[in-house]
Amino acid sequence: MSTSTTLRSVALAKMALHAAKFPALSVLGVLLSPSSSADIADAVPVIHDVLPLASVLQAALQQIQIYSSRLNYRIVGVYVANQSLDDISIKPLTAAFANAVSKISGGDPIDNKALLKSASELGILTFKEANGAWKQSSNRPQIVAFLNSRATLDGDVSKLHEKLSSLIAKDLQMDIHDFVNHLDDAAVDWLVNERVLQALNG
């Protein structure tokens, strides 16, 4: 029997802002869930590069595991937004990264066209691993298949799109940081992204 999974607004917002900050590059990150819940509660941006070193991804995952365990969270998936707006494929790097994530449930590409076109859709497509390959598991972006369950946004989709549009108009996407930004500047807050959280909650 399937259970209900809730995608919290902050997780979707962080994914969208990460993609918006690097429109000419692919981005990749990790999804987190409370240990006692199936909710997708947060997203941690990891990279915005085409060919990161395996050691970079491994170091990022180790830090995310430490961070998530302190919050009593667990890693439940990955997200990716490919470089091209029309590209919803799973690249070898994404598949390798997804396979390396403990307790992985699927890679969730951000459907940038849905984010830009329609305030009534989440803009998320889900993929699941099957026989060594990642296959699209849902083409209904308002109700997302995830971990043999259905996922819905915890708030109003239209209001979240309005909020994101307003924040991007103010260049808030430039305040979200990933692990690669952290490597460039160790003072960068990439795990929490507190300034983004404050703006989302403001």
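Helix H1 passes helix H5 in a right-handed crossing, meaning that the near helix is turned clockwise from the far one by less than a right angle. The model is predicted, with local features needing pLDDT of at least 70, side-chain atom pairs counting only at pLDDT 80 or more, and totals for chains, interfaces and linings using all residues. Residues are numbered from 1 along each chain as its sequence is written, and side-chain values use heavy atoms, leaving out hydrogens and water.

The axes of H1 (residues 9-21) and H5 (residues 157-169) come within 11 Å and cross at roughly 35°; axes are lines fitted to C-alpha atoms over the stretch in contact, with angles from 0 to 180 degrees between N-to-C directions. Helices are DSSP runs of H or I with at least four residues, and strands are runs of E with at least two. In contact (heavy atoms within 4.5 Å) are Ser 9, Leu 12, Ala 13, Ala 16, Leu 17 and Ala 20 of H1 with Leu 160, Leu 164 and Ile 168 of H5.

Beyond neighbours within four places in sequence, Ile 64 touches several residues, including Val 30, Val 46 and Trp 190.
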